[in-house]
Amino acid sequence: ITKTFRVIHNPVFQITGDTIICPDGSTLLGIETVDPSWSIQWEPAASLDNANSFTPEASPDTATRYTAEVSDSAGCSSQQQITITLDEPPEISRIPEYDTSIYIGQQISLWVFSDKENAQYVWSPDYKISCRDCANPLVSPEQNTTYEVTIADDCYQVTESFPVEVMVDYYLEIPSAFTPNGDDNNDVFMLETHNIVEIEEFKIFNRWGNLVFSTTNPEQGWDGTVNGKLQNADTYVYIIRAVSRYGYKVERKGNVLLLR
């Protein structure tokens, strides 16, 4: 007597779908190469929209391992598993770690880093900053400024603040009037400076726009004369451009009164 047995293989399949999702997010699970005679049962079913679907939507609130059991019409079955985890918040590193200060004219590097490979950076305000979409801009504000950077990836958005205090360490004092009358009291229109390292331009003009004085020497002032001739009592216009100790460019324009 001869008896023939036919061996029916268990279903062979693979589960597809994202294995890492955002908190409060979801992913669509799937089965590759589905036979029309198959049926499926997913466990656990609580965080699935349909535990008997070949394409259920999974919305776990914690890391979850899903088991798919696929059966054919002959009752043969096999199982596959997939684990879905929730994306962790990014780890942010920054320099400087706290508030910082600079002297006016200086620049400082702000550095921030996210451990997420796809992180993007957006800085604000757009003021004295070398780049707004990088992780390491140079800033050179001329007044107290708080820079903010938004670090965004597929799941998270984090904002870091960098307050920068700007200290003014120079002064450039300009008198409003002088009296070149030979009494050794306020006879010369002079600049009073501190931490000014260079005078790029110091010019004085009369009311008709004629140049009456020019120098780049911070120790030199105008005695009220042109070619040895004392000028009329009048209002004169000055232009001053200077550079401070830390490279800050100072510009002053105004009027000075020549009195007798």
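Visitor: Why is Lys249 called exposed?

Guide: Lys249 has 54% relative accessibility, so it counts as exposed. Please keep in mind that this is a predicted model, in which local features need pLDDT of at least 70 and side-chain atom pairs count only at pLDDT 80 or more, while totals for chains, interfaces and linings use all residues. Residues are numbered from 1 along each chain as its sequence is written, and side-chain values use heavy atoms, with hydrogens and water left out.

Visitor: What makes Lys249 and Glu200 a salt bridge?

Guide: The term asks for a side-chain nitrogen of Lys or Arg within 4 Å of a carboxyl oxygen of Asp or Glu. In this pair the closest N and O atoms are 3.0 Å apart, so the contact qualifies. The two residues are 49 apart in the chain, with Lys249 in strand β25 (residues 249-258) and Glu200 in strand β20 (residues 196-205). Strands here are DSSP runs of E with at least two residues, helices are runs of H or I with at least four, and both are numbered from the N terminus. Glu200, at 35% relative accessibility, is partly exposed.

Visitor: Are Lys116 and Asp87 buried or exposed?

Guide: Both are buried. Their side chains form a salt bridge with 2.8 Å from N to O. Lys116 sits in the loop between β12 (111-114) and β13 (120-124), and Asp87 in the loop between β8 (77-86) and β9 (92-95), so this pair ties together parts that are 29 residues apart in sequence.

Visitor: What makes a space a pocket rather than a cavity?

Guide: On a 1 Å grid over the protein atoms alone, a cavity is a set of points where a 1.4 Å probe fits but cannot get out, whereas a pocket is an open set with protein on both sides within 12 Å along at least five of seven lines. A residue lines it if one of its atoms is within 4 Å of a point. For the largest pocket, that gives Ile20, Ile21, Cys22, Asp87, Lys116, Asn118, Asp153, Asp154 and Cys155. The largest pocket holds about 150 Å³.

Visitor: How many residues of its lining are nonpolar, polar and charged?

Guide: There are 4 nonpolar, 1 polar and 4 charged residues. Asp, Glu, Lys and Arg count as charged; Ala, Val, Leu, Ile, Met, Phe, Trp, Tyr, Cys and Pro as nonpolar; and the others, Gly among them, as polar.

Visitor: How do you know that strands β15 and β16 pair?

Guide: Pairing needs at least two DSSP bridges between two strands. Strand β15 (residues 145-152) and strand β16 (residues 157-167) have 8 bridges in the antiparallel sense, so they pair. Thr150 stands opposite Thr159 in β16. Both strands belong to an open sheet of 4 strands with mixed pairing, in the order β10-β16-β15-β13.

Visitor: Why are β10 and β13 called edge strands?

Guide: Each of them, β10 (100-103) and β13, pairs on one side only.

Visitor: Why is Gln231 called buried?

Guide: Its relative accessibility is 18%, so Gln231 counts as buried. Gln231 lies in the loop between β23 (229-230) and β24. From Gln231 to Leu258 the C-alpha distance is 8.4 Å, although the two are 27 residues apart in sequence.

Visitor: And what makes Thr33 exposed?

Guide: Thr33 has a relative accessible area of 70%, so it is exposed. Thr33 is in the loop between β4 (30-31) and β5 (39-43), and has a positive phi of about 55° although it is not a glycine.

Conventions: Grid points are joined across faces, edges and corners, and a volume is the space filled by probe spheres set on the points. Buried means under 20% relative accessible area, exposed over 50%, partly exposed in between (1.4 Å probe, protein chains only).
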